[in-house]
Amino acid sequence: MANLLDYLDWRGDLTLDQSPFNEVDNLILAELSFVDFRDIVPAPGQGESVALRQAAEAFFARFPAGEKIDMGVLVPAAIPDMLRKMADAPRFREMKLNCFVDWLDAGRGEQFAALAVETGDGGVYLSFRGTDDTLAGWKEDFELACMPEVPAQKKAVEYTRAAAKQFPRRKLRLGGHSKGGNLAVYAGVFCPEAVQRRITDIWSNDGPGFHDDLLDLPEHRRVEDRIHSIVPKSSIVGMLLEHEETYTVVDSDQKGFLQHDGFSWQVMGDRFITLRQVTKQAHLSDQAMRELVHAMPQAEREKFVAALFDVLSASGAVTLTDLKADSFKAAGAMVKAMKDLDKETREGLLRFVGLLFKSNLRMTLEGIQEDVEKNPAVKRWGLKKKEGEG
């Protein structure tokens, strides 16, 4: 089955004049903002755009030849390969990059990064980075469930306003993966109405949703017909909170939570392979997570999120890579931090982690069963075994 890298091999030679911008291009540009373009691509208003092939060359020059580039625990390891293929592909190599922002305040649990891509067809794609390796980024993800607005969402609106000013009269596409998808939608809803009129598409690639009151706002209604929500069949992240009723479900070659990785999404031609609906387990997990969140008053939700990340950062870790690198030390510090919590908060954390683990395990088992049912050889072997046993 084909993925984003295969798409770049098979269709990277087609320019946007030959084959218009599509949903697969969207995900590729959404993943591009995970690349660290600091000191390569200028910040908003700070310089001329840089051709993608030149930016890629400067990025790879930072690393010794043949060295594996570590993207962190959760950021897809395939992104450097994607960038190499983009730099060689006529479809992408002359696209121009600008307005790179990468901001992190670990102490306050705030993270925001974005990139503007001049696509060459008269448009600019604003790519909002999703959840990266930092604990601060993950804390903001959870805060989406308990606050009406998080700092990254405010920054996404400011960023969109600045980029629109820097590229006047250009059509805009907004997009991102994971939290980046949420930021893209939020920025599209709350940017000035004059900017909204220039937006042609807003892409949320397995991004968490919103509190239901946002969906009823006139600002949302003005752009809702341009919002494209895409989720994998066993989505967990993209089904959190409320979202637009219409969303596209795509097939994946991974199981459970690993389907969140956009490089697992299956591609045919210039489209994703789509399914009729998410799996039954994804729907049940979505309901269970919502019930858990809605059962908590807002003050309790805020306390819950603060406690969760106090526990995770108890060892002094800033990233998930830090936790993985010294897991023994981290585990000891986290156990001690858990003991220091009051009983109610501790039980709430254990219940949440248990629900997340069970959801992922069930989806993984569901995926294995689905593979068995799709494989005729396995089915025939199973029938013969039963016949022999009888």
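Visitor: How many bridges join strand β1 to β2, and do they run parallel or antiparallel?

Guide: Keep in mind that this is a predicted model. As for the general idea, side chains in a regular strand alternate between the two faces of the sheet. Here, β1 (residues 50–51) is joined to β2 by two bridges, and the pair is antiparallel. Look for Val50, which sits opposite Leu97 in β2.

Visitor: And how many bridges join β2 to β3?

Guide: Eight, again in an antiparallel arrangement. Asp105 faces Glu110 of β3 there.

Visitor: Now the packing. Which residues touch the most other members of the largest nonpolar core?

Guide: Leu32 and Phe37, in a core of 47 residues. Elements giving two or more residues to this core include β2 (96–105) and β3 (110–118), along with helices such as α2 (23–32). The top contributor is α2, with six residues.

Visitor: What does Phe37 touch?

Guide: Leaving out residues up to four places away in sequence, Phe37 contacts Leu32, Ala55, Arg62, Leu83, Leu97, Phe100 and Leu115. A separate core of 33 residues also exists, with Val124, Ala156, Phe167 and Ile227 among its members.

Visitor: Which way does the phi of Asp39 go, positive or negative?

Guide: Positive, about 65°, even though Asp39 isn't a glycine. Find Asp39 in the loop between α2 and β1. Asp39 is exposed, at 83% relative accessible area.

Visitor: Is Ser178 buried or exposed?

Guide: Buried: its relative accessibility is 4%, and the cut-off for buried is under 20%. Ser178 also has a positive phi, near 60°, and lies in the loop between β5 (171–177) and α7 (179–190).

Conventions: Residues are numbered from 1 along each chain as its sequence is written. This is a predicted model: local features need pLDDT of at least 70, side-chain atom pairs count only at pLDDT 80 or more; totals for chains, interfaces and linings use all residues. Side-chain values use heavy atoms; hydrogens and water are left out. A nonpolar core is a set of buried Ala, Val, Leu, Ile, Met, Phe, Trp, Tyr and Cys residues joined through side-chain atoms within 4.5 Å. Buried means under 20% relative accessible area, exposed over 50%, partly exposed in between (1.4 Å probe, protein chains only). Helices (H or I, at least four residues) and strands (E, at least two) are DSSP runs, numbered from the N terminus. Contact means heavy atoms within 4.5 Å. Two strands pair if DSSP finds at least two bridges between them.
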